[in-house]
Every structure is written in structure tokens, then in C-alpha cells.
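Work through the exercises below with the sequence and the coordinates open. Each task is followed by a solution in steps.

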Amino acid sequence: WLYTRILSQGVEILQRLHLYQEAVEQLQELLAQEDYCVDSRGQWWERLALNLHQHLKDTEKAVASLRKGLLDPFLRPGHRLGLSQRVQRMKDTQACRKFKHLLELPLFSVDDVTHVTIKGKLCPQTGMGKSMFILESQMEGAEPLTVVCSVEELALAHYKQQGFDQGIHGEGSTFTTLYGLLMWDILFLDGIPDVFRNSYQAFPLDLHTSSFYKNRQSAIEARLQSVHNASTETLQKWVGEVWAAQEGKASVLISWDRFSSLQQAQSLVCCLG
């Protein structure tokens, strides 16, 4: 495993030195084995296709690598989507037209989401930096107040005007925290070999790999079904029990300060449908 990681990092060095042919050869060596670092295979396939297509201008080999990559059984969904998007982009290029029949593959896609456009007045600024906006804040019974805010605060203000009186700017941590609360016992499930090596770990060693789901598939599916069937009162009870028993304990999925209170977490979990 260690030597495989070293070779993988070596690819990055070769690319920075513009030694793309050597990088391609090293990527091919990494992909020729299926025993170590299999969760990195998607990244390797993407880099191989990119180097062949854009840097070495070998379109035929780039197409062949994409075909092999999309058929790789170890490919994770995110990387499968990345390869699929690269295939779609290559189909539209002049250089790939004669290989278009080779790119007719079952591609991975995701449904589009609902788009909401929120308009705001950009605050003038000089130089680089985060964009700030000017927001007119109207408090009942008070004079209008003009404030400078971030784009996230602008979005929260927009939804507050729509009647949503609570909002959280937490990026992905809001949902990973809810997941961690609802899946705490499964996250720290006993009986899975070599995922806990000491009592101070904040997560199992297979968490960020595809093995996490495979090792707990029946337990995860059963819990998801229970969550799907649960009433709002039951969901609130589950979150409250885990919060009371585990609050403050280290877990890589949970940010205990993400919610202002247990009640806020319980109210959110009940409105996710």
C-alpha cells in the first residue's frame, strides 16, 4: 500500500515537471494492479485520459483509456461521473469525431436540480477578495438598516423574507452532522476487522472508501428504511437520544456546534421529507 501511494504521488511530481509520457507510464503501472489503493483508481483514470488527450495529443489512446476506465468495477460514482463528463466533452471536439463510435458508452449522469436565482447589489471593492453585497435590512418598527454581507448571508436573508425564520450556513457539515447523529452506532459498529486500532479514533479507517458501505450494507439499508418510515416524533427522539449520550465526543462526521441547540437539529431533521 505504501509503495503504491508513493508511486501515486510520483505521478503528481512528473506532471509538474511536464514529464507527461513518464506520468502516463506510471499511471498505467498503477492501474495494472487491483490490490492496493483501489479507491484512487478513478483519479488515475481521469489523469491518464487528460494526459493522453491534452498533453500528448494521443486521442486514440485517450479514448481507449476512457473506455477501460468506465468498465472498471472499482470505480466510485463520483469518478464514474467525472469520466462520463469527459467523454461528453470529447465527443464535441473536432479531433474526436472519427472516434465518436468508440465513445458510445453507457454514461453515468445525475438529474438536474431546481435552480433559484437570488439577486443582490454588489459592494464595490478594490483588489482580490471575497465578494460582498449591500443588503437593506428592514426590522419591524425600526428604521431600515443598510449592511454589508457575504453571499451566504444574502441567501439566508432571501429565504427569511420567504418565511423561513431559521437558516444555517454550514456547507456540507449540516448534513454530515445529521447523518452522524442518525448513524452513530453504525459508524462505530463492532465486528468489522481492522477499522479500529485504538480507542481514540474519531472514525473507522474505511470511512472514506467504498468498503464502508459494503462492510455495513445490511445495517445501513435497514437504518435508512427505518428513517424513511419513521414519524417526526420518532426522528426527534432518535436524534435526542444520541445527542444526550454522545454530545461532545469526537466524530469526524459531527460538528457539535453546527446547530445552536438540540431543538434546532431536531426541527431540521423533521423537515427534510
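## Exercise 1: Cavity and pocket

The largest cavity has a volume of about 30 Å³. The structure is a predicted model: local features need pLDDT of at least 70, side-chain atom pairs count only at pLDDT 80 or more, and totals for chains, interfaces and linings use all residues. Residues are numbered from 1 along each chain as its sequence is written, and side-chain values use heavy atoms, with hydrogens and water left out.

Task: state which residues line the largest cavity and which elements supply two or more residues of that lining.

Solution. 
- Step 1. On a 1 Å grid over the protein atoms alone, a cavity is a set of points where a 1.4 Å probe fits but cannot get out; a pocket is an open set with protein on both sides within 12 Å along at least five of seven lines; lining residues have an atom within 4 Å of a point. Grid points are joined across faces, edges and corners, and a volume is the space filled by probe spheres set on the points.
- Step 2. Count. There is 1 cavity of 30 Å³ or more.
- Step 3. List the lining: Ser8, Val11, Glu12, Leu27, Gln43, Trp44 and Arg47.
- Step 4. Assign elements. Helix 1 (2-16) and helix 3 are the elements that give two or more residues to this lining. Helices (H or I, at least four residues) and strands (E, at least two) are DSSP runs, numbered from the N terminus.

Task: describe the largest pocket and find which helix gives the largest share of its lining.

Solution. 
- Step 1. The largest pocket holds about 760 Å³ of space.
- Step 2. Its lining has 20 residues, of which Leu156, Gln166, Gly167, Ile168 and Leu268 are the closest to the centre.
- Step 3. At least two lining residues come from each of helix 6 (151-161), helix 7 (173-182) and helix 12 (262-269).
- Step 4. Helix 6 provides the largest share, 5 residues.

## Exercise 2: The sheet

Task: give the strand order of the open sheet and name bridge partners in strand 3.

Solution. 
- Step 1. Two strands pair if DSSP finds at least two bridges between them.
- Step 2. Strand 1 (residues 121-122) and strand 2 (residues 133-137) run antiparallel and are joined by 2 bridges. Here Leu122 has Phe133 of strand 2 as its bridge partner.
- Step 3. Strand 2 also pairs with strand 3 (residues 145-149), in the antiparallel sense, over 5 bridges. Ser137 stands opposite Leu145, and Glu136 has Thr146 as its bridge partner.
- Step 4. The open sheet of 3 strands therefore reads 1-2-3, with antiparallel pairing. Strand 1 and strand 3 are at the edges with a single partner strand each, so one side of each has no neighbour in the sheet.

## Exercise 3: Salt bridges

Solution. 
- Step 1. A salt bridge is a side-chain nitrogen of Lys or Arg within 4 Å of a carboxyl oxygen of Asp or Glu. The whole structure has 8 salt bridges.
- Step 2. Arg76 lies in the loop between helix 4 (59-70) and helix 5, and Asp39 in the loop between helix 2 (20-32) and helix 3 (41-55), 37 residues apart. Arg76 is partly exposed at 27% relative accessibility. Buried means under 20% relative accessible area, exposed over 50%, partly exposed in between (1.4 Å probe, protein chains only).
- Step 3. Asp194 is exposed at 52%, and Arg197 is exposed at 60%.
- Step 4. Asp206 lies in the loop between helix 8 (184-187) and helix 9 (211-215) and Arg216 in the loop between helix 9 and helix 10 (217-229), so the bridge ties together parts 10 residues apart in sequence. Asp206 is buried at 6%, as is Arg216 at 2%.

## Exercise 4: Ser84

Task: is Ser84 buried or exposed, and which residues does Ser84 touch?

Solution. 
- Step 1. Ser84 is found in helix 5 (residues 77-91).
- Step 2. With a relative accessible area of 1%, Ser84 is buried.
- Step 3. Leaving out residues up to four places away in sequence, Ser84 touches Leu70, Leu107 and Phe108; contact means heavy atoms within 4.5 Å.
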